[in-house]
Amino acid sequence: MSEDIAEGVDTGEYTEAVRVLSSGLLELYEPTINQMKSNLKELLDKQEEMQVAIAEQKLTYTTQEVQQINEMVNKAKLYKDKAVRIKNQMHQIHQRTKSLRTKALDIQELKVNQCASKLQQLHYEESLVANSKMVQNKKS
């Protein structure tokens, strides 16, 4: 079928049209592609620089320093655990103290009430004794 179309038309016209269309496409996309190429090259260069810097930084630490850092991290974990335990113990002590204060107040209130009732009983007994003496004095 393409041979039928190509028979009546000169192939030079096709090649010229293809060349013009392809140059138009290149003009449209070439700046973007070139910009992407330069961005990609810049990114790769920076990535390589970063890898070199990380490798150099890694080499600066000795195994002894790494071990010291690990020990410090482990100590920090232990201290954190101790702090949590102390906090829990302090909370328990606070709860016990609160409970003991409540009990002490209850006992104090009970004692005050007992003393008041004893005092009232004493006054009652004194009034009875006083009344009985008055009755005896009136009889005599």
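Arg19 is partly exposed in this predicted model. Its relative accessible area is 49%. The side chain of Arg19 meets that of Glu16 in a salt bridge, with an N to O distance of 2.5 Å. Glu16 is also partly exposed, at 39%. Both residues lie in helix α2, three residues apart, or about one turn of the helix.

Helix α2 covers residues 11–60 and has 50 residues. From its first C-alpha to its last, α2 reaches 69 Å. This is close to the 74 Å expected at 1.5 Å a residue. The helix bends by about 40 degrees at Tyr29. A proline, Pro31, follows within four residues.

The count of salt bridges comes to three. Side chains of opposite charge can pair when their charged atoms come close. Lys41 counts as exposed, because its relative accessibility of 52% is over 50%. Asp45, at 34%, counts as partly exposed.

Glu42 and Lys46 also meet in a salt bridge, at 3.3 Å from N to O. They too lie in α2, four residues apart, about one turn of the helix. Glu42 is partly exposed at 41%, and Lys46 is partly exposed at 48%.

Val66 is placed in helix α3, which spans residues 63–139. Val66 is partly exposed, with a relative accessible area of 38%.

Technical notes:
Residues are numbered from 1 along each chain as its sequence is written. This is a predicted model: local features need pLDDT of at least 70, side-chain atom pairs count only at pLDDT 80 or more; totals for chains, interfaces and linings use all residues. Side-chain values use heavy atoms; hydrogens and water are left out. Helices (H or I, at least four residues) and strands (E, at least two) are DSSP runs, numbered from the N terminus. The expected span of a helix is 1.5 Å times one less than its number of residues. The bend at a residue is the angle between axes fitted to the seven residues ending there and the seven starting there. Buried means under 20% relative accessible area, exposed over 50%, partly exposed in between (1.4 Å probe, protein chains only). A salt bridge is a side-chain nitrogen of Lys or Arg within 4 Å of a carboxyl oxygen of Asp or Glu.
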